[in-house]
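Visitor: I'd like to learn how to read a structure feature by feature. Could you walk me through one?

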Amino acid sequence: MNKYKWFIGVFGSLAIVLGGIFFFLLVTDIKDQQQEADNREKAQKEFEEQVDSIEVEAVDADNLPTESFFQDMIHKMSHQKVESNEKWAGHLRITPDRIAEMQAVLLKIEGTSKEYENYDFYEKTLTSWGHGDFENAVEVHNTIWQWKGGNVGRATGLLNAEEEQEYIKRYFD
């Protein structure tokens with residue numbers, strides 16, 4: 001009988017401990033999800049503020065970026081991933097939210113009279129980047145660089161992880 005009480009006590013204590021751990025993980029997960037939602041909402045507001053504050057030529061009457069501005073955004077983002085002797089066009093950090101926002105613009109204009117001339121190029125680029133695949137970054141950079149009449153700053157390769165972190169620290173931190 002003594003062993004039976006000990007057995008119940010051990011398993012009861014174990015059940016309480018495991019229940020506590022489960023509850024802690026559940027609460028932590030809920031907090032993390034709320035934080036992610038708050039971060040997405042903040043990023044969306046910042047993006048909208050950026051769009052609202054840019055030059056009139058950069059957006060159309062529906063507050064959508066012009067193709068030239070959209071192209072510039074991708075070009076600036078590519079700088080985070082590519083080696084180049086000069087990056088004269090500026091810098092824009094690549095984030096999942098920014099990629100998603102740009103993909104949303106493409107979805108909004110798809111099949112309309114506002115669809116960009118190079119829609120397929122942007123869609124392919126952002127789809128790859130959205131999946132974390134940046135192998136096309138040199139090609140993307142140099143294509144837009146050429147469209148813009150670039151004569152300095154041609155991308156020659158991808159940055160390695162350490163070089164990219166240095167770039168991020170230099171321009172965004």
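Guide: What follows is a short tour of helices, a core and some salt bridges. Keep in mind that this is a predicted model.

Visitor: Let's start with helices. Which residues make up helix 6, and how far does it reach?

Guide: Helix 6 takes in residues 161-172, which is 12 residues. From its first C-alpha to its last it reaches 16 Å, close to the 16 Å expected at 1.5 Å a residue.

Visitor: Which residues of helix 6 are buried?

Guide: Start with the general idea: an α-helix has 3.6 residues a turn, so residues three or four places apart point the same way. In this case, the buried residues of helix 6 are Glu164, Tyr167 and Ile168. They cover an arc of only 100 degrees around the axis, which puts them on the same side of helix 6. Those buried residues pack against helix 2.

Visitor: And which exposed residues does the face turned away from that buried side carry?

Guide: That face of helix 6 carries Glu162, Glu166, Lys169 and Arg170.

Visitor: What caps the N-terminal end of helix 6?

Guide: Look for a side chain that reaches a backbone nitrogen at the helix end. Here asparagine 160 does the capping, with a side-chain oxygen 3.0 Å from the backbone nitrogen of glutamate 162.

Visitor: Now helix 4. Which of its residues are buried, and what covers them?

Guide: Helix 4 spans residues 119-130, and its buried residues are Tyr119, Phe121, Tyr122, Thr125, Leu126, Ser128 and Trp129. Their cover includes helix 2 (67-78), helix 3 (96-109) and helix 5 (137-147). Helix 4 has 12 residues and reaches 16 Å from first C-alpha to last, close to the 16 Å expected. After helix 4 comes glycine 132, whose phi is positive, near 80 degrees.

Visitor: What about serine 78: where is it, and what does it touch?

Guide: Serine 78 sits in helix 2 and is buried, with a relative accessible area of 0%. Not counting residues up to four places away in sequence, serine 78 touches Trp129, Ala137 and His141. The C-alpha atoms of serine 78 and asparagine 136 are separated by 9.5 Å, though the two residues are 58 residues apart along the chain.

Visitor: How should I read the core? Which residues in the largest nonpolar core touch the most other members?

Guide: The general idea first: in soluble globular proteins, nonpolar side chains tend to be buried together. The largest nonpolar core here has 25 residues, and Phe70, Ile74, Leu106, Leu126 and Trp129 touch the most other members. Helix 2, helix 3, helix 4 and helix 5 each supply at least two residues of this core. Take leucine 106 as a case: it touches Phe70, Tyr116, Tyr119, Tyr122, Glu123 and Leu126, again not counting residues up to four places away in sequence.

Visitor: On to charges. How many salt bridges does the structure hold?

Guide: There are 3 salt bridges. In one of them, the side chains of lysine 148 and aspartate 72 meet at 3.0 Å, N to O. Lysine 148 lies in the loop between helix 5 and strand 2 (155-158) and aspartate 72 in helix 2, so the pair ties together parts that are 76 residues apart in sequence. Lysine 148 counts as partly exposed at 29% relative accessibility, and aspartate 72 counts as partly exposed at 25%.

Visitor: With which residue does lysine 81 form a salt bridge, and is lysine 81 buried or exposed?

Guide: Its partner is glutamate 164, with the closest N and O atoms 2.8 Å apart. This pair links distant parts of the chain, 83 residues apart: lysine 81 is in the loop between helix 2 and strand 1 (82-84), and glutamate 164 is in helix 6. Lysine 81 is buried, with a relative accessible area of 13%, and glutamate 164 is buried too, with 12%.

Visitor: Which residue does arginine 93 pair with?

Guide: Arginine 93 forms a salt bridge with aspartate 173, the closest N and O atoms being 3.7 Å apart. Arginine 93 lies in the loop between strand 1 and helix 3 and aspartate 173 in the segment after helix 6, so this pair ties together parts 80 residues apart in sequence. Arginine 93 counts as partly exposed at 31% relative accessibility, whereas aspartate 173 counts as exposed at 69%.

Methods. Residues are numbered from 1 along each chain as its sequence is written. This is a predicted model: local features need pLDDT of at least 70, side-chain atom pairs count only at pLDDT 80 or more; totals for chains, interfaces and linings use all residues. Side-chain values use heavy atoms; hydrogens and water are left out. Helices (H or I, at least four residues) and strands (E, at least two) are DSSP runs, numbered from the N terminus. The expected span of a helix is 1.5 Å times one less than its number of residues. Buried means under 20% relative accessible area, exposed over 50%, partly exposed in between (1.4 Å probe, protein chains only). Contact means heavy atoms within 4.5 Å. The arc is that of the directions from the helix axis to the C-beta atoms. A polar contact is a pair of N or O atoms within 3.5 Å; within protein, one must be able to donate a hydrogen and the other to accept it, and residues adjacent in sequence count only if both atoms are side-chain atoms. A nonpolar core is a set of buried Ala, Val, Leu, Ile, Met, Phe, Trp, Tyr and Cys residues joined through side-chain atoms within 4.5 Å. A salt bridge is a side-chain nitrogen of Lys or Arg within 4 Å of a carboxyl oxygen of Asp or Glu.
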